[in-house]
Each structure stands twice: as structure tokens, then as C-alpha cells.
Amino acid sequence: MKYSLNDIETPAFVIDEACVLNNIRTFQAHCDAQGLKLRPHIKTHKSIRFARAQIEAGAVGINCQKIGEAEIMADGGLDDILITFNILGASKLRRLRALAEKVTLHVVADNAVVVKGLSEAFADAGKPLRVLVECDTGAARCGVQSPDAAVALAELIENSPGLVFEGLLTYPPVGGQADVVEFMTTAKSALSDRGIACPVISSGGSPDMWQAETGGVITEYRIGTYVYNDRSLVARGTCTWDDCAGQVLATVVSRPTNTRAVIDAGSKALTSDLLGLEGHGHVIGHPGASVIGLSEEHGVLQVPQDSPLAIGDRIRIVPNHVCVVANMFDTAWLQTEAGVCEKLKTDARGCVT
């Protein structure tokens, strides 16, 4: 069944299909020009439909963060999947083994405990599991802390039954591309000295997407937010408002004062993430309006005294962090290139294990 925007109950997550497809094609072309393989992260859209569109545009595979996401994508026909999260525990390792029998699977590890578990789970597998060493190049999250540590873990992987070392991976901080190149160049050279091949060196990040270059060493780029874009990326100069495909549609439900409006989208629709910004989203078409507060179901807007916003009006908001917003809705609304709206299931919503 086809709908118009006026038929949709609010709050709703609305996606501009033409904008999404343009975002996909544009960054794929950038990676092609740089000689980079693109492996998009599905954590933003969690949609089989858009994962397929990314592959059709030229991506080599997809990136998932959790096994649950990967299982959904595999069931949807995606057959080359990287999971960028340390996997621990007998139950998850059994799921991983089953998944590896369906698709070409890659995983990461940054410590010997994870490597040991992976090896025990895959020691008698028909084909070895491909493992990349995760490296901390400045983001201070997971990852080995030095090129020497990366080499040591790579050697452990190479000598572990059921596993094969595939390469190095990092998720750098914003502005950290030069540090990635330095770290990876040093590590790759040391691996070569020990006779260890390193076919994949993977970096990523939407904020630095237009600075995504090989540096003579990076082979793959992982990126997620670019498919929808959001206020945080506009603030960094990465994209414009016209590139923001994912927006929250909300209704004004109260005008308590001439400088305050209340909408039906709170933290359960817009997310409380600030990402260093003031306010909780950009209100399209209403200069001077700002989302200054959120409770669970209410959003509070500060508006100019002469604002025309009235009770019952609908507004669109570009969220600060669209990845979280997409995961809050079982179903999004896809505004198609034909100008009508249709329901789009968020296939991997809530897959956090």
C-alpha cells in the first residue's frame, strides 16, 4: 500500500530514497577513484534493501558490529560479511561457526583470549576463519597499542588451528588518517620481514570520508553514517542538509508560550546523543527554531516570537546521530523516487548480541 506524508502517524523516521542512492553512488565513486575497496557498515540503516543497493553500486561486502546483524544480513542474501567486534563465549562462537558455513566471514581480534576462543571453535572447520588484528590508532577504544603488538598477535593467529591471518583493521579518531597510515606502514613492513602476508588493511569513518585515501597502504574503507548523513556530519562540513536522507517527522502538540513549542518526538525518537552539539537536531524550514530539551516522548523547541508554528503543524528534524535513531523504529517510511511513501522494515533493529 502506498501512502503520502500526510497519512503517516508521528513521530516517524522518514527516508528519502533518491538521496540515499545518491549518497551511496557518490562515495562509491570516490573510493573507486582512490583505488579503495568499500565495505559499508550496516549499523546505520540495518536494512537488507540498502545493503543490497550498496553491493550493487560496487561495495566488496558489508560490515556488521554484532553477530545478530550479520545473521539477518546473511538470511537476506548478503554473502561477504565482516564483524568488527571481539567475540567471546561458547554460545556466540557456535553462532559464528554456523554463520561461517553460509557466507564468506571475516572477524577481528585484539587479544589472545579472543584468538584462543576462535581457534577452538574453528579448529575442525572445513575452511579457516579469516581474522584481522584490530589496532588502536588513536581512538582509544579497542585495539592493540603498537605495530609490534599487531605483529605478535598476527603470528599467534597464523599459528592457531582453524584461523588464518587476513590483515589489520582500525577505526581512527576524526582527523586521524595520517596516524593510520604511519601505524599500518610500520606494521605491514614488520609483518613482511617475518614472511607474513597482509592482504587487507582496513580503515574507516564517515567524518573523514572525503579524506579517504590509500596512503600507499590502506586497501579498504568502512563507513556507515554516510548513507543517511546527519547533523553531526553537517557540522563537520562533511555534507550539506540536502544530503541528509534520514529525518524524523514530528507534530507540534502544544504551544505553551509564544517562544516554546512541544512536539511528539522525544528521546525515544530523536536520541539524547549530542555529539558535541547544542540541542537535539536541526529543524528544517524554521530558522531560529532549536530543539532545546527532550524527555522520553516530548521534544521542547525554542522558537522566535514570530514563529508561525501552530498546534497540528508537522516538522522535519535532522537528528544529531542518525544511526541511533534508525535503530529506534521497527519500521521506517521510505519516500520513494516516485514521490510516494512505503513502509520499510528495519531488518536488523535491536540486534545487539
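What percentage of the 353 residues of the protein chain count as buried? I started my notebook with that one, and the value is 53%. A note to myself before going on: this is a predicted model.

**Entry: overall form**

I looked up the secondary structure and found ten helices and 17 strands in the protein chain. The radius of gyration is 22 Å, close to the 20 Å that the globule rule gives for 353 residues, so the chain is as compact as a globular protein of that length. Along its principal axes, the C-alpha trace spans about 70 × 40 × 35 Å. I then checked the contacts between residues at least 6 apart in sequence, and 67% of them join residues at least 24 apart. For the accessible surface I noted about 14,900 Å², with 49% of that belonging to carbon and sulfur atoms.

**Entry: the sheet**

Next I traced an open sheet of eight strands, and its order reads β2-β9-β8-β7-β6-β5-β4-β3, with parallel pairing. Which strands stand at the edges? They are β2 (37–40) and β3 (62–64); each has a single partner strand, so one side of each is left without a neighbour in the sheet. Neighbouring strands here are turned by 30 degrees against each other on average, direction ignored.

Strand β5 (residues 104–109) pairs with strand β6 (residues 129–135) in the parallel sense, over four bridges. Within that pair, V108 has L132 in β6 as its bridge partner. Helix α5 (residues 112–122) lies across β5, β6 and β7 (163–170), and I noted that α5 runs at about 150 degrees to β5.

**Entry: helix α3**

I listed the buried residues of helix α3 (residues 67–75): I67, G68, E69, A70, M73 and A74. What do the buried residues of α3 pack against? I found α2 (48–57), β3, β4 (80–83) and α4 (90–100). After α3 comes G77, and its phi is positive, near 100 degrees.

**Entry: salt bridges**

How many salt bridges does the structure hold? I count 15. I opened three of them.

- E71 and R95 form a salt bridge, with their closest N and O atoms 2.9 Å apart. E71 sits in helix α3 and R95 in helix α4, so the pair ties together parts that are 24 residues apart in sequence. Both are partly exposed: E71 has a relative accessible area of 25%, and R95 has 22%.
- R130 and E166 meet through their side chains in a salt bridge at 3.6 Å, N to O. With R130 in strand β6 and E166 in strand β7, the pair ties together parts that are 36 residues apart in sequence.
- R194 and E155 form a salt bridge with their closest N and O atoms 3.5 Å apart. The pair links distant parts of the chain, since R194 is in the loop between α7 (177–193) and β8 (200–204) and E155 is in helix α6 (residues 147–158), 39 residues apart. R194 is partly exposed at 48%, and E155 is partly exposed at 30%.

As a last item I wrote down a network: E17, R49 and E342 are joined by salt bridges that share partners.

Key
Residues numbered from 1 in each chain as written. Predicted model: local features only at pLDDT ≥ 70, side-chain atom pairs only at ≥ 80, totals over all residues. Heavy atoms only, no water. Pairing = 2+ DSSP bridges. Helix = DSSP H or I, 4+ residues; strand = E, 2+ residues; numbered from the N terminus. Axes fitted to C-alpha atoms, helices over the stretch in contact; angles between N-to-C directions. Contact = heavy atoms within 4.5 Å. Buried < 20%, exposed > 50% of the residue type's maximum accessible area, 1.4 Å probe, protein only. Salt bridge = Lys/Arg side-chain N within 4 Å of Asp/Glu carboxyl O. Rg over C-alpha atoms; globule rule 2.2 N^0.38 Å. Areas by Shrake-Rupley, 256 points an atom, 1.4 Å probe, with all protein chains shown as cover.
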